[in-house]
Amino acid sequence: MTPIITIKNLSLSYSGKQLLDIAQLTLEQQQCTLLTGCNGSGKTSLLKIISGLLQPQHAEIEYQDLDLSWKKAKSLIQKDFIYMHQQPYLFDDDVINNISYGLLRYGENKARAHKKVMEALDWAGISHLAYRQAKLLSGGEKQRVALTRARILSPRLLLLDEPTASMDIGAKAQTSSLLQRLKKEGVSILITSHEAHTIDQLADRHLLLHNGQITDVATSTYNDNVITLKTAKRTHTK
Amino acid sequence: MGDLSQTSVTAIILLLSGDSEIWEIISLSFGVSLSAILIATPPALIIAFLLAFYQFRFRRALISLFNTFMSIPAVIIGLTLYLMLSRSGPLGDLKLLFTQEAMVIGQIMLSFPLLTAMGHAAFQSADRRAWETAITLGAKPWRAFFTLMFEVRFGLIAAVVAGFGRVIAEIGSSMMVGGNILHATRNIPTAIALETSKGEFTQGIALGIVLLVLSLCLNAGISIFQGKGDLHT
């Protein structure tokens, strides 16, 4: 396995309270990592730090054979990693313009961007949404549009914050299926979820965030994950 | 009452007849106020954004200051500017007193706090995810700023419209630093004041009608934009 990024000595605190204190975290290429933890454990903050959106008090980043401070690595990781909110934000525009947003920012011309967007919509099975106003879509549709918008930029790492939270069963299945296909395409994924069973087929690795620290829950199957997670939780409760 | 109706009819006829003096005053008024708004809007919106999205020292104090200055009387602005631009003032050498430039400066000073405070409210209501999404999708900060502006455009347009409404109808500053000079610095409010003091109500009412119609349009505009914004949130 080749690491995509290694973060060392990460610390983040809010108003004097230490939220994250991680000695080392390595994410591997083409691997799907599931990150679990209680509410308020810092999962979202960790994802935002890794994606270059939230500045920690301290962090050293090993990325593309470079040892950098978080500040110096920020522009590199922002270019290669995409973070998706629990409830993805779609711009007040139609679906096509939402998906082409990133392509245009990276200098793609409008005609080529449009062609790529239509292909991407077809890939995601949401061509019928192309001209719909993004704000008026359902939660599941928004999630699929946001995944398509991320995928079109070919990110090296996709950071997904609770992508299936508050979705009905049908929407969950469609989102999981898209994530499976992204994984098959070789996209590395870091995903937080309270619903481990929804992404049991997806995760190669399971990390637990507790008391600001990361524990590697070394398992390869869902059942083992759940057992180990439960054991870990019980240990922490004690 | 009969006199008022008769004068109003004469005023409307005067307006519609294309009276050159009246239309010169109207065009000067719009020219000065539009220039002031065009100059004040970009920096005001940048400051509004910074106040809404960044934490720094004196941020809260600045917000309070802009909110306070939002309702400062135009005559106070006029007086301050007059003292600065008068011959013995610190900016007397610029010889700007009783010019359109001085009127523009006065109106910038009047509209700036309003634009900033209303812009701040608009940015404050923006979803922070919009900014983060733009950045994570590869937008540079300035591009993400424009994206955010687009997301809160209705609130920002309402701010600009309200700012324009404030300056087009102000009299205190324009009278003091403009001097109400015919063909040079006479705008709608100063002309109304002058004509009324002379007992010449026709021109005053004609210009009043222009301000009234404008005010109606601006308020309707603000309602429409704010309503659209509500529908989109």
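Predicted model: local features only at pLDDT ≥ 70, side-chain atom pairs only at ≥ 80, totals over all residues.
**View 1. A:Asn9 counts as partly exposed because its relative accessibility is 40%.** Buried means under 20% relative accessible area, exposed means over 50%, and partly exposed lies in between, with a 1.4 Å probe and protein chains only. Residues are numbered from 1 along each chain as its sequence is written, and chains are lettered from A and ligands numbered from 1 in the order in which they are written. You'll find A:Asn9 in strand 1 (residues 3-14) of chain A; helices (H or I, at least four residues) and strands (E, at least two) are DSSP runs numbered from the N terminus. Its phi is positive, about 45 degrees, although A:Asn9 is not a glycine. Most residues other than glycine have a negative phi.

**View 2. A:Asp65 is another non-glycine residue with a positive phi, near 60 degrees.** Look for A:Asp65 in the loop between strand 4 (58-63) and strand 5 (66-69) of chain A. Is A:Asp65 buried or exposed? With a relative accessibility of 85%, A:Asp65 counts as exposed.

**View 3. Helix 1 of chain A (residues 43-50) is largely enclosed by the rest of the structure, because seven of its eight residues are buried.** The buried ones are A:Lys43, A:Ser45, A:Leu46, A:Leu47, A:Lys48, A:Ile49 and A:Ile50. Just past the end of this helix, A:Gly52 takes a positive phi of about 85 degrees.

**View 4. A:Lys183 and A:Asp204 form a salt bridge, with their closest N and O atoms 3.0 Å apart.** The two ends come from distant parts of the chain, 21 residues apart: A:Lys183 is in helix 6 (residues 169-184) of chain A, and A:Asp204 is in the loop between strand 8 (188-192) and strand 9 (205-210) of chain A. A salt bridge here is a side-chain nitrogen of Lys or Arg within 4 Å of a carboxyl oxygen of Asp or Glu. Side chains of opposite charge can pair when their charged atoms come close. A:Asp204 counts as partly exposed, at 31% relative accessibility. Over all chains, the structure holds 13 salt bridges.

**View 5. Chain A meets chain B through 20 residues of chain A and 19 residues of chain B.** Contact means heavy atoms within 4.5 Å. Together the two chains bury about 1700 Å², 55% of it on carbon and sulfur atoms; buried area is the accessible area (1.4 Å probe) that two parts lose on being put together, summed over both. How many salt bridges does the rule find across this interface? There are three between chain A and chain B. One of them joins B:Arg153 to A:Asp92, with 3.1 Å between the closest N and O atoms. On the side of chain A that touches chain B, the elements giving two or more residues are strand 6 (81-84) and helix 3 (95-105) of chain A.

View 6. Leaving aside residues up to four places away in sequence, B:His120 touches B:Ala48, B:Leu51, B:Ala52 and B:Ile63.

**View 7. B:Lys198 and B:Glu195 meet side chain to side chain in a salt bridge (3.7 Å, N to O).** They are separated by about one helical turn, because they lie three residues apart in helix 10 (residues 188-198) of chain B. B:Glu195 is buried, with a relative accessible area of 5%.

**View 8. B:Asp127 and B:Arg129 also pair up in a salt bridge, at 2.6 Å from N to O.** B:Asp127 is partly exposed, with a relative accessible area of 28%. B:Arg129 counts as partly exposed too, at 23% relative accessibility.

Key
Heavy atoms only, no water.
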